[in-house]
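Look through the sequence and the model before reading on. The paragraphs below go through its parts in order.

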Amino acid sequence: MTAITTSVFELFKIGPGPSSSHTIGPMKAGYNFHKSVADLSLDIQPDNIEIRLYGSLSATGKGHGTDRAVVAGLLGFKPDNVECEFLDSLADGAPRKFESDKISLPLSIKDVVYAEVENDFPYANTLLLRLRKGEEILFEQEYYSIGGGFIKCKGQQEEIPRVPPHQYSNMVELKAILTDEGLRMHQVIVENEQALKGISETEVYDKLDTILDTMKQAVMNGLAAEGTLPGPIGLHRKAKRLFENSSQPNAADKFLLRLNAYGFAASEENAAGRIVVTAPTSGSAGVIPAVVYALEEELKISREKIREGMLVAAALGFIAKHNASIAGAEVGCQGEIGVASAMAAGLISYACGHRFWRTENAAESALEHHLGITCDPVGGYVQIPCIERNAMGAVRAYNAYLIASVENEKFHKVNYDEVVRAMAETGKDMNNKYKETSLGGLAVSVPNC
Ligand code: SF4
């Protein structure tokens, strides 16, 4: 098995909601195409751009804003520099100008073709981007959105990552490094990150602060917002009400109500297409922010400890991505909320000062109890069950931490690698209609939204 070379800041990315695979990935594909066209020399001038979406990008792309995201990318925007208001404005379908060195073409969301859901591409979530003159295809690139905002482009050489000093592909190998080299887990990850990105330790922590501040801002924005979320469901935001209720004298449980409120808040912001952090995806962008906010604001854990916990959470996410998947379109929601909950449980445990075996047990337990969870967003919108599921993922992470923090190590029977393997196998056997296609589950049994 090859060593993990994913960067912390490829996993935790700032960008607009509602979906990393359906919004951020397609925007990156559009931007990559925009750059590729600038290097072309064509004898024939194209007269249009065709955007073909396959797999769940086709099935639920409308509800996920894929059309606007890919058009924004083609216009030269990236997830970290696009304005949410600009993305919203593209919904009007009016033509904008695609411009590169020698080409100027009209472009709008009307150029999007929702093609076959079932397909034979190597990855179900495929985009074909084409420059055409009439029916003739002058230039084409094939992109795969593989989850968490990561993309691949057929035939395009992937950047060869630098070699990290600590090489591991799973938890067993990572723990061996801790034992053999006498390091703590966050040290391993920070040293790898420095090597992978060629940056100093201070820069790693500064970038982590930006991620943490953006997560907290998403929670604060969500707590302040009211009204209904975009789309035909007419779903009312709940975060503010939950938070206000937590301060009532008869509140059932102040801490849990607030943890739920924070999960709803960031997730509702994601559903509204506002700025969030993929953690590890946009659909699951409420779980870790809820926990971070609660740790800092309710439990008064220091920023230093939370940064360390975030590095450990990243390692847990890397291992899940490397050995299974973090894409709802590949393994169902267990790969999104399940992995987010595992990362969050590990974060809480490590930030609260527990040794690594307890942290692994907390993460394992959180993922174990999300095994088999399907992805069936109602109407193709990242709202039902996604928003509430983020709050549940945060609470389950906290519960997994509580159990792991007091249990006897000898009695914990399942390790993290084993539960990740179980998730991969379960995902393989899961029917495609439960993988972000909105063709099964709640999406079918709640048809009137
Ligand atoms: S059901 Fe889960 S995996 Fe599917 S879109 Fe919602 S949060 Fe993502």
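What follows treats the domains, then the cores, then the ligand.

This is a predicted model, in which local features need pLDDT of at least 70 and side-chain atom pairs count only at pLDDT 80 or more, while totals for chains, interfaces and linings use all residues. Residues are numbered from 1 along each chain as its sequence is written, and side-chain values use heavy atoms, with hydrogens and water left out.

The protein is divided into domain 1 (18–153) and domain 2 (171–445), with bounds that come from an automatic or database domain assignment. Their centres, taken over C-alpha atoms, are separated by 29 Å. To the contact between them (heavy atoms within 4.5 Å), domain 1 gives 22 residues and domain 2 gives 25 residues.

A nonpolar core is a set of buried Ala, Val, Leu, Ile, Met, Phe, Trp, Tyr and Cys residues joined through side-chain atoms within 4.5 Å; buried means under 20% relative accessible area, with a 1.4 Å probe and protein chains only. The largest such core has 97 residues, and Phe12, Met185, Ile288, Met310 and Tyr416 have the most contacts inside it. Both domain 1 and domain 2 give residues to this core, so it lies between them. A second, separate core has 30 residues, including Val71 and Tyr143.

Around the ligand (a heavy atom within 4 Å) are Gly283, Cys333, Glu336, Cys375, Cys386 and Arg389. Three residues of this shell are nonpolar, one is polar and two are charged, where Cys counts as nonpolar, Glu and Arg as charged, and Gly as polar.

Notes
Buried means under 20% relative accessible area, exposed over 50%, partly exposed in between (1.4 Å probe, protein chains only).
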